[in-house]
Amino acid sequence: MHTTFERTQRIAVLGGGPGGYEAALAAAQLGAEVTLVERAGVGGSAVLTDVVPSKSLIATAEASNAVKEAADLGVQFFAKGANEKAVKPDVAINLQAVNKRLLGLAAQQSEDMRSNLLEAGVNLVQGEGRLDGANAIIVATAKGGTDFDRIEADTLVISTGATPRVLPSAVPDGERILTWTQLYHLSQVPEHLIVVGSGVTGAEFASAYRALGAKVTLISSREHVLPGEDADAASVIEKVFKRNGMKVLSKSRAESVVVDGDGVLATLSDGREVRGSHCLMAVGSVPNTADLGLEEAGVQLAESGHIRVNRVARTSMPNIYAAGDCTTFLPLASVASMQGRTAVFHAMGDIVNPPENRNITSNIFTQPEIATVGWTEKEIEEGVVPGTVYKLPLSSNPRAKMMGIRDGFVKLFASAGSGAIIGGVIVAPKASELIFPLALAVEHRLTVDQFAEAFPVYPSLTGSLTDAARAMHVVR
């Protein structure tokens, strides 16, 4: 009598960022034989050089602002001496200590993720990987060496991320002209930071470094900062930027940025010049898809170089999936994680609930933050979806008054017919935490009346959410 055993499904993951990490973890939990190839460290750029360190830096900037603004709440600081008097605090930032802390946090997060994978039984391979046809990854285990590992698999998941876009006329040198991955090696806060690019990354770092004490000039090629975001939210942020002393140059395109002595010189397309001590180039990113053997394996790429994927993260090759910033889907760490799990669930025949754009929550970590979910007001105005809009300023919220919050609002979007909540925008401190109830409402199709029946704490900022929902009551 012969016993036959079904061979365990083999899954190979290229890239250990949020998408690759979640794919590997989910595959191991489902019983697959999993190998993950990563060149830098588990967590990828999201953990090591992007999301974790940048948001840690922003947390320091928020702490700095909190001390500066404490006087508005009646907190007084005194200069010790014979004639003691209240003073306005002059906050000093030890950037070396800040950077040491945030890079330490990033390394610890990476190590925690690595431990989770090893505990789950994932085989980790360190090195540069590329596809070798549609069923294998080859890995250079030593940089520039001739030693290669060949990993055969039934299913491949590509999650190689993206890197900052570099303009030929403004090449980063890592000292004066910087990408956002190079900021964490500065020994002190820049005297005058020029930020080129007013999208999410540019706005976040401009906000943070201004709070840390740097003079900041933000060069925006568009009419307003954050051109792709909710117009009311972007308007609040720009107003706060200018009130805090930031110089915003709208409709100004940087033609070139060069090192000039002990500083930098940015030349605009209209001939104007801006001088500063440092320059951050925040002009987007490019997917890490070149020289990976993707096209040879039959994987279709968009003109931008991103990997084309469908809603279950599948590429044009049935056994190859892709997740994260290297794909044509939304470039968010949370989305990459969901794509990674979705890819593995689909490949292994598990139940799949594909992510939908309208359910995805995102946040911009400026001060105040901007959190969004669901359909946008622009889409409602353009008739893409029939809906109603209600906006409630935070200045009317009692908890906001107590906390000294001057800026921000809650905005809800509801279906014109059913009153179901279809989206929303929150501009507030910690909007990233406040948006979750709206995300649940959008995901589960709650109506404004159902949402308003929940009891928020009084007083609380979340009370503004139910107040807005009550104002949108649908008469039956």
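Alanine 266 stands opposite valine 274 in S17. This is a predicted model, in which local features need pLDDT of at least 70 and side-chain atom pairs count only at pLDDT 80 or more, while totals for chains, interfaces and linings use all residues. Residues are numbered from 1 along each chain as its sequence is written, and side-chain values use heavy atoms, with hydrogens and water left out.

Strand S16 (residues 263–268) and S17 pair in the antiparallel sense over four bridges; strands are DSSP runs of E with at least two residues, helices are runs of H or I with at least four, and both are numbered from the N terminus. Two strands pair if DSSP finds at least two bridges between them. The open sheet has three strands in the order S15-S16-S17, with antiparallel pairing. At its edges lie strand S15 (254–260) and strand S17 (273–276), each pairing on one side only.

Helix H4 covers residues 95–120. Among the buried residues of H4 are Leu95, Leu102 and Met113; buried means under 20% relative accessible area, with a 1.4 Å probe and protein chains only. The buried residues of H4 pack against elements including helix H1 (18–29) and strand S5 (123–126), where contact means heavy atoms within 4.5 Å. Just after H4, glycine 121 takes a positive phi of about 95°.

Helix H5 (residues 200–211) holds both phenylalanine 205 and tyrosine 209, four residues apart, about one turn of the helix. Phenylalanine 205 and tyrosine 209 are both buried.

Terms used
The expected span of a helix is 1.5 Å times one less than its number of residues. Buried means under 20% relative accessible area, exposed over 50%, partly exposed in between (1.4 Å probe, protein chains only).
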